[in-house]
Amino acid sequence: MIRGDRERYWRSTKRLMAAVVFLWLALGIGVYWLAADFAATVFLGFPVGYLLAALVSPVCLVGLIFWFADRQDRLDRDYGMAEGD
């Protein structure tokens with residue numbers, strides 16, 4: 001890989017990682033912040049705030065991990081850095 005491609009690869013990787021960290025913080029903090037507002041609302045016998053914090057947040061965060069892995073794999077393949085290349 002030539003130097004210019006390597007710099008573009010790492011710039012893309014850093015940008016992706018910054019986006020993931022931002023989304024992780026937004027989901028990790030934002031959902032719990034919103035959960036307090038929905039604590040009085042009940043759905044299926046559970047407070048909606050609890051459902052957001054206990055069910056939705058972990059699923060979204062795990063989904064974010066899989067999304068990141070897919071995007072990083074695409075970047076690796078585009079720049080010839082994938083395993084086996």
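Is F68 buried, partly exposed or exposed in this structure? The structure is a predicted model, and in it F68 counts as partly exposed, at 23% relative accessibility. Because buried residues are those under 20% relative accessible area and exposed residues those over 50%, the value of 23% for F68 falls in the class in between.

**Two helices side by side**

Helix 1 takes in residues 3-37 and helix 2 takes in residues 48-78, and the axes of these two helices come within 9 Å while crossing at roughly 175 degrees. Helix 1 is therefore roughly antiparallel to helix 2, since angles over 145 degrees are placed in that class. When the residues of the contact between helix 1 and helix 2 are sorted by class, 19 are nonpolar, six are polar and two are charged.

Some pairs of residues show how positions that are separated in the sequence are placed in space. F68 and S12 are 56 residues apart in sequence, and their C-alpha atoms are 12 Å apart in space. A53, which also lies in helix 2, is 19 residues from L34 in sequence and 8.9 Å from L34 in space, again from C-alpha to C-alpha. Is A53 buried or exposed? A53 is buried, because its relative accessible area is 18%, and the cut-off for that class is under 20%. A further pair is D73 and E83, which are ten residues apart in sequence and 9.2 Å apart in space, C-alpha to C-alpha.

**The loop between the strands**

Strand 1 (42-43) and strand 2 (46-47) have a loop between them, and L44 lies in this loop.

Which residues make the nonpolar surface patch of about 560 Å²? The patch is made by M17, V21, W24, L25, I29 and I65. Helix 1 gives the largest share of this patch, namely five residues. V21, one of the patch residues, is found in helix 1, and V21 counts as partly exposed because its relative accessibility is 41%.

**Salt bridges within the helices**

Side chains of opposite charge can pair when their charged atoms come close. How many salt bridges does the model have? The count comes to three, and the table sets them out with the distance between the nitrogen and oxygen atoms.

| Salt bridge | N to O distance |
|---|---|
| D5 and R8 | 2.1 Å |
| R74 and D70 | 2.8 Å |
| D73 and R77 | 3.1 Å |

The residues D5 and R8 both lie in helix 1, where they are three residues apart, or about one turn of the helix. With a relative accessible area of 23%, D5 is partly exposed, and R8, at 40% relative accessibility, counts as partly exposed too.

In helix 2, R74 and D70 are four residues apart, which is about one turn of the helix. R74 has a relative accessible area of 43% and is therefore partly exposed, while D70, with a relative accessible area of 35%, is partly exposed as well.

D73 and R77 also both lie in helix 2, four residues apart, again about one turn of the helix. Here the two partners fall into separate classes: D73 counts as partly exposed at 31% relative accessibility, whereas R77 is exposed, because its relative accessible area is 54% and the exposed class is made up of values over 50%.

Technical notes:
Residues numbered from 1 in each chain as written. Predicted model: local features only at pLDDT ≥ 70, side-chain atom pairs only at ≥ 80, totals over all residues. Heavy atoms only, no water. Axes fitted to C-alpha atoms, helices over the stretch in contact; angles between N-to-C directions. Parallel < 35°, antiparallel > 145°, perpendicular 65-115°, else oblique. Nonpolar A, V, L, I, M, F, W, Y, C, P; charged D, E, K, R; others polar. Patch = residues over 30% accessible without salt bridge, like charges linked within 9 Å, V, L, I, M, F, W, Y side chains within 5 Å. Areas by Shrake-Rupley, 256 points an atom, 1.4 Å probe, with all protein chains shown as cover. Salt bridge = Lys/Arg side-chain N within 4 Å of Asp/Glu carboxyl O. Buried < 20%, exposed > 50% of the residue type's maximum accessible area, 1.4 Å probe, protein only.
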